[in-house]
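Dear colleague,

I am handing over the structure below, together with notes on what was found in it. Please read the notes with the coordinates open beside you.

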Amino acid sequence: MHKTQTINQLSSFIKAAVTPFHAVQKMVVELEKSGFIGLSEKHSWQLTAGGKYYTTRNGSSIVAWQMPSTRDVLESGMRMIGAHTDSPCLKVQPNPEIQSNGYLQLGVQIYGGVLLNPWFDRDLSLAGRVTFRDMDGEGASSLINFEKAMAIVPSLAIHLNREANNGFKINPHTMVTPIIGQIQQGDKQPKFDLRVLLKEHLLEQGLPVERVLDFDLSFYDVQGAATVGLNDEFFASARLDNLLSCFMGLEALLTADSNQGMLLVCNDHEEVGSVSAVGAQGPMLEQVLSRMTDTAEQKTRMIANSMMISADNAHGVHPNFADRHDARHGPMLNAGPVIKVNANQRYATNDITSAMFRQFATEVDTPVQAFVVRADMGCGSTIGPITAAELGVKTLDIGVPQFAMHSIRELVGCADVVNTIEIFKCFFNQKQV
C-alpha cells in the first residue's frame with residue numbers, strides 16, 4: 001500500500017467525519033461503493049455465503065461484515081476489529097444562547113476527557129444532527145455541518161492572568177464558552193435563537209423544515225490535517241483518537257482479499273464509558289452476531305471460533321516527558337502498532353491473543369511494540385474488555401502510538417498507519433483464529 005495515497009485517504013476521511021454521525025455516514029458511502037448492502041434492524045435478514053452487509057444504530061454506530069464464502073460461519077467464526085466513532089469535544093447545551101457584555105455565546109457540555117488547553121484560540125465550526133418537523137408535520141432528521149469558522153474560545157491575556165503558565169486551573173463551566181458573534185445594537189433586533197439559525201441553514205440545503213425540535217451538535221476545529229516533519233513522517237489532525245482506528249479497520253475490510261468471515265464494529269460513546277444502546281456495553285454487536293446463527297448454541301460455537309482486535313490509539317513515549325512511561329514499555333512513533341497489556345484487565349490482551357497478533361505482524365514483516373502503564377499511574381481502558389466480557393470472545397487491545405491524546409489536535413506516525421492496515425488485512429485472511 002502506497003503511504004502517500006493512504007495518508008491522503010485518511011485525511012479525507014477525517015475531514016468528512018467531524019462528528020460520530022458524519023463518521024458513520026462516510027463509512028456507509030465507502031462500504032456501498034464496495035458492494036456492501038445496508039440492513040435495517042427493523043426487518044428480517046437473509047444472509048448468504050460471501051454476502052457483504054452493514055447496519056447502523058442511531059446513525060453514530062455501525063457494524064459491517066462479510067459472511068464466510070467457503071465454510072459455515074459456525075466453523076469459520078468471525079475475525080472482528082472494534083473501534084469507536086466518538087472523540088472528546090465541546091457539545092452544545094439544549095438551551096445554549098448566552099448574551100454577555102455585548103457578545104453572543106453558546107453554552108457547552110464537556111464530552112469525555114477533553115484536554116481543554118488546546119481548545120483556546122482555535123477556529124471552530126459546528127456540526128451534528130438536527131431533528132425537525134417538516135412542512136407536512138412529520139418528524140425528520142438531517143446531518144448539518146457549517147464548515148466555516150464561526151466560533152472561538154479566546155485566551156485571557158497573560159497581563160490579566162499572570163499564573164497562566166504556572167499550572168492555571170481551567171473552569172470547564174465558565175472558561176471554555178465559545179464566542180460566536182456580537183450582539184447587534186438596536187431595539188428591533190430579535191434575540192438570537194440557535195434553532196432559527198439551524199432552520200435557515202437546513203432550508204438553504206433544500207430541506208422542508210417547519211420547526212427545529214432538537215439537536216445534537218459539537219464544536220470542531222476547522223484546521224485540516226497535515227503531514228509534519230522533515231520527511232513528512234508524522235500526521236497531525238483532530239479526532240485521531242479514534243477515527244484513525246475506524247479508518248484502518250475500514251480500509252482492511254474493503255481491501256482484504258479474503259473469503260473468511262470478517263467484521264468491523266465502530267461504537268459511539270466509548271469516551272464516556274460505553275454504557276448506552278449504541279456503546280460497546282450495549283447489545284448491538286451481540287444482536288448482529290445472533291442473527292448469523294439459528295440457536296444460542298450455534299452462536300456460542302461461532303464466537304468460540306472468533307477473535308476480536310480492539311483498536312484504540314496508544315500513548316507514545318513523549319521525549320519531553322519520558323519519565324511518564326515505564327522505561328521498558330515506551331512505544332515510539334513509526335516503530336509499529338502497540339500491544340496494550342494490563343494485569344488488572346483494563347485491556348483485554350492475554351498471552352495467547354498477543355502471540356497471535358505478533359504472528360500476524362511477522363507475516364507482513366511489521367514491527368510490534370508493547371505498552372504497560374507505570375505501576376504508580378492509573379490506566380485507561382477501551383472497548384476491548386467490555387466486548388470480551390459481553391461476548392466471551394478472545395480479544396486483545398492494540399493501537400497506533402500517538403502524542404497529545406484527547407487534544408483538539410493529535411499526532412501519529414504515518415508508517416504506523418500503513419503497517420497496521422497490513423496487519424489487519426493479514427488477520428482477516430486467517431483461516432483459524
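A salt bridge is taken here as a side-chain nitrogen of Lys or Arg within 4 Å of a carboxyl oxygen of Asp or Glu, and a search of the whole structure on that basis finds 13 of them. This is a predicted model, in which local features need pLDDT of at least 70 and side-chain atom pairs count only at pLDDT 80 or more, while totals for chains, interfaces and linings use all residues. Residues are numbered from 1 along each chain as its sequence is written, and side-chain values use heavy atoms, with hydrogens and water left out.

K26, E30 and K33 are linked in a network of salt bridges. E30 pairs with K26, their closest N and O atoms being 3.2 Å apart, and because the two are 4 residues apart in helix α2 (residues 20-33), about one helical turn separates them. Helices here are DSSP runs of H or I with at least four residues, strands are runs of E with at least two, and both are numbered from the N terminus. E30 also forms a salt bridge with K33, at 3.5 Å between the closest N and O atoms.

Helix α9 (residues 383-391) has I383, G384, P385, I386, T387 and L391 as its buried residues, buried meaning under 20% relative accessible area with a 1.4 Å probe and protein chains only.

With kind regards

Technical notes
Buried means under 20% relative accessible area, exposed over 50%, partly exposed in between (1.4 Å probe, protein chains only).
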